[in-house]
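I opened the notebook to go through one protein model and write down what I looked up.

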Amino acid sequence: MSTDGRALVLGGGGVTGVAWEIGLLHGLTQCGVDLSVADTVIGTSAGASVAAQLTGGTSLADVYAAQTDNGSGELPARIGLGVLLRFLVAAAWPGDRRHGRAWLGRAALSAKTVSEAERRAVIERRVPDRRWPDRQLLLTAVDTQTGADIVFHADSGVPLIDAVAASCAVPLIWPPVTINGRRYMDGGVRSVANVDLAAGHSRVVVIAPTTAALRRADRPQIQAAALGVPNIVVTPDAAARDAIGDNMLDPARRPAAARAGRDQAASIADQIREVWS
């Protein structure tokens, strides 16, 4: 892990979170704040997808344009009450929290979902550049069998698409991803943004579509404050929340969420510049 430099943390938040994050990043560049030059980019779930695109070879303007296109090929889904309850049980598990995550992982392995191949095709469309970048890119996931959290990076020996797909594999909604004979699920099960992974950096910007966490210590704002360095946590404003709607897995909301992120950028650019510069 780097002991200096700037870190950009991109949190989870479904397909609308992907769109909002990309819109915000694009809008910030138009305001003269380029977060794509971060020394380290940390991505969780939706943020893993955005992180891979941001550090790839496609221009941010083109990535944004793709988000405003209605023909995304994304798969619609909804997180129902039963899924939410299982997430809460896993998060509230007493003692070693890996046991709670493993309990959720077992449920994910037996859930009826689309095939891994079908879901992988969606991720491949999101991330056209399949190479790990030269800079530090950290993508989070959780082992479904042990509940252990893992951070994939260029030296992990794992294809970038597999790492992104693993972090985007929301338990009970999308299939766990097979990597070297093991199955992995959404890194957001450990934390919605994993801001603590930015420890050691001198400046940190967190873009978090959601900050929901049962435990106070898991909330992005609390984790960012604990780093002890200049930081800012950006979340959707009122207009963006309206655009995102109540179903973060609804691909029909992508264009509106992306535009809302772009529009929000102007109101937050100066605060981010103060931290980033």
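I began with how covered α1 is: 15 of its 17 residues are buried, in a model that is predicted. Next I checked the length of α1. At 1.5 Å a residue its 17 residues should span 24 Å, and I found its end C-alpha atoms 25 Å apart, which agrees. After α1 comes G32, and I noted that its phi is positive, near 85°.

Then I turned to the strands. I looked up β7, residues 203-207, and found it mostly covered, with four of its five residues buried. I asked which way β7 runs beside β1, residues 6-10, and how many bridges they share. The two pair in the parallel sense over five bridges. I noted one of the pairs: A7 has V204 in β7 as its bridge partner.

I also looked up β8, residues 231-234, which is joined to β7 by four bridges and runs parallel to it. There, I207 has V234 in β8 as its bridge partner. From β7 the chain passes through helix α8, residues 220-226, to reach β8, and I recorded this β-α-β crossover as right-handed.

Last, I looked up the largest pocket, and its volume is about 940 Å³. I listed 38 lining residues, of which L84, V192, T210, A212 and M248 are the closest to the centre. I sorted the lining into 18 nonpolar, eleven polar and nine charged residues. Which helices supply at least two residues each to this lining? I wrote down α1 (14-30), α4 (81-91), α5 (97-110) and α9 (238-244). Of the lining, α4 gives the most, with five residues.

Key:
Residues are numbered from 1 along each chain as its sequence is written. This is a predicted model: local features need pLDDT of at least 70, side-chain atom pairs count only at pLDDT 80 or more; totals for chains, interfaces and linings use all residues. Side-chain values use heavy atoms; hydrogens and water are left out. On a 1 Å grid over the protein atoms alone, a cavity is a set of points where a 1.4 Å probe fits but cannot get out, and a pocket is an open set with protein on both sides within 12 Å along at least five of seven lines; lining residues have an atom within 4 Å of a point. Grid points are joined across faces, edges and corners, and a volume is the space filled by probe spheres set on the points. Ala, Val, Leu, Ile, Met, Phe, Trp, Tyr, Cys and Pro count as nonpolar, Asp, Glu, Lys and Arg as charged, and the others, Gly among them, as polar. The expected span of a helix is 1.5 Å times one less than its number of residues. Buried means under 20% relative accessible area, exposed over 50%, partly exposed in between (1.4 Å probe, protein chains only). Two strands pair if DSSP finds at least two bridges between them. A crossover is right-handed if, with the strands pointing away from the viewer, the path from the first strand over the helix to the second runs clockwise.
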